[in-house]
Amino acid sequence: PHRIVNVATAYIGIKGSPESNLEEVYDILDRAGTAEEKPDIICFTEGVHCLQAGGKRIFLNDESPEVLKVCEKAKQYGMYVLFTCNEQDKNGMQYNAAFVITPEGKIFDKYRKTHLTLSELKLGLVPGDAIKVFDLPIGKIGILICWDQWFTQASKEIEKQGAEMLFWLTRGYHEERQVTRARDTGMYVITSHPVPGNCRIAHPTTGEF
């Protein structure tokens, strides 16, 4: 049915440490959650917890204090949050992941990047095994992380599964790809990137921002 969904896309620039990035995430959630037009869902840049100037790598999981605090903020303000990080599961496997956190402060599910770059593979990351669509009360959404968007079939698979919105969480941005994917699939394509001017929502038929 016809409905209005308020969507927010946030950028986090490359800072000196993951800790400073997290403080900015918490601040953005506080500001978004108390805004006059509070978003129903807000997304963050790829690897927002590990965006940094140095080479330090930190991995989180479902029980990490950093993730639990984002869950608390989601519950406090009643918003869906797409939070990205390097994830290490209980078996020691490492992923580039996006957590789907509900307004109740629960981890609904997660998407693990399926198309890894060569540098990620050399670092030991493992690709995810599924292109997913998440059926939420606000609508069906898909998530792609950075390099995923370079492969047409990934977004087409999300369209095939009935998604209405595609969230592209990325550090690498090409405007024409966002526009093309929106027109290809007939979905709104929401991009989050470290540069504020590249955080955009593309219309599904016109491709306009």
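## Basis of the description

The model is predicted, and local features are described only where pLDDT is at least 70, with side-chain atom pairs counted only at pLDDT 80 or more, while totals for chains, interfaces and linings use all residues. Residues are numbered from 1 along each chain as its sequence is written, and side-chain values use heavy atoms, with hydrogens and water left out.

## Overall form

The protein chain contains five helices and 10 strands, where helices (H or I, at least four residues) and strands (E, at least two) are DSSP runs numbered from the N terminus. The radius of gyration of the chain is 16 Å, close to the 17 Å that the globule rule gives for 209 residues, so the chain is as compact as a globular protein of that length. That radius is taken over C-alpha atoms, and the globule rule is 2.2 Å times the number of residues to the power 0.38. Along the principal axes, the C-alpha atoms fill a box of roughly 40 × 40 × 30 Å.

Of the 209 residues, 51% are buried, a term that means under 20% relative accessible area, with exposed meaning over 50% and partly exposed lying in between (1.4 Å probe, protein chains only). The chain exposes about 9600 Å², of which carbon and sulfur atoms supply 51%; accessible areas come from the Shrake-Rupley method with a 1.4 Å probe, and for residues only the protein chains shown count as cover. Among the contacts (heavy atoms within 4.5 Å) with a separation of 6 or more, 59% are between residues 24 or more positions apart.

## The sheet from β1 to β5

Five strands form an open sheet in the order β1-β2-β3-β4-β5, and their pairing is mixed; two strands pair if DSSP finds at least two bridges between them. The edge strands of this sheet are β1 (7-9) and β5 (107-112), each of which pairs on one side only. On average, neighbouring strands here are turned by 25° against each other, direction ignored.

Strand β4 (residues 94-101) runs antiparallel to β5 and is joined to it by five bridges. Ile-101 stands opposite Ile-107 in β5.

## The sheet from β6 to β10

Another open sheet of five strands has the order β6-β7-β8-β9-β10, again with mixed pairing. Strands β6 (133-136) and β10 (201-202) stand at its edges, each with a single partner strand, so one side of each is left without a neighbour in the sheet. β6 and β7 form a hairpin with two residues between them; the two strands run antiparallel and are joined by four bridges, and the bridge partner of Phe-134 in β7 is Ile-141. β7 is mostly covered, as six of its seven residues are buried.

On to the next pairing, β7 and β8 are parallel and share five bridges, with Ile-145 opposite Leu-169 in β8. Helix α4 (residues 152-160) lies across β6, β7 (139-145) and β8 (165-169), running at about 165° to β7. Helix α5 (residues 175-185) also packs on the sheet, touching β8, β9 and β10, and its direction makes about 155° with that of β9. For these angles, axes are lines fitted to C-alpha atoms, for helices over the stretch in contact, and the angles run from 0 to 180 degrees between N-to-C directions. Strand β9 (residues 188-192) runs antiparallel to β10 and is joined to it by two bridges, with Val-189 opposite Ala-202.

Lys-73 is found in helix α2 (residues 65-77) and is buried, with a relative accessible area of 13%. Leaving aside residues up to four places away in sequence, Lys-73 touches Tyr-26, Leu-29 and Asp-30. Lys-73 and Ile-101 are 28 residues apart in sequence and 9.9 Å apart in space, C-alpha to C-alpha.

## Cysteines

The structure holds zero disulfides, a disulfide being a pair of cysteine sulfur atoms within 2.5 Å. Cys-71 is in no disulfide, and the nearest cysteine sulfur, that of Cys-85, is 11 Å away; Cys-71 is buried, with a relative accessible area of 5%. For Cys-199, the closest cysteine sulfur belongs to Cys-43 and lies 7.5 Å from its own sulfur, too far for a bond. Cys-199 also counts as buried, at 15% relative accessibility.
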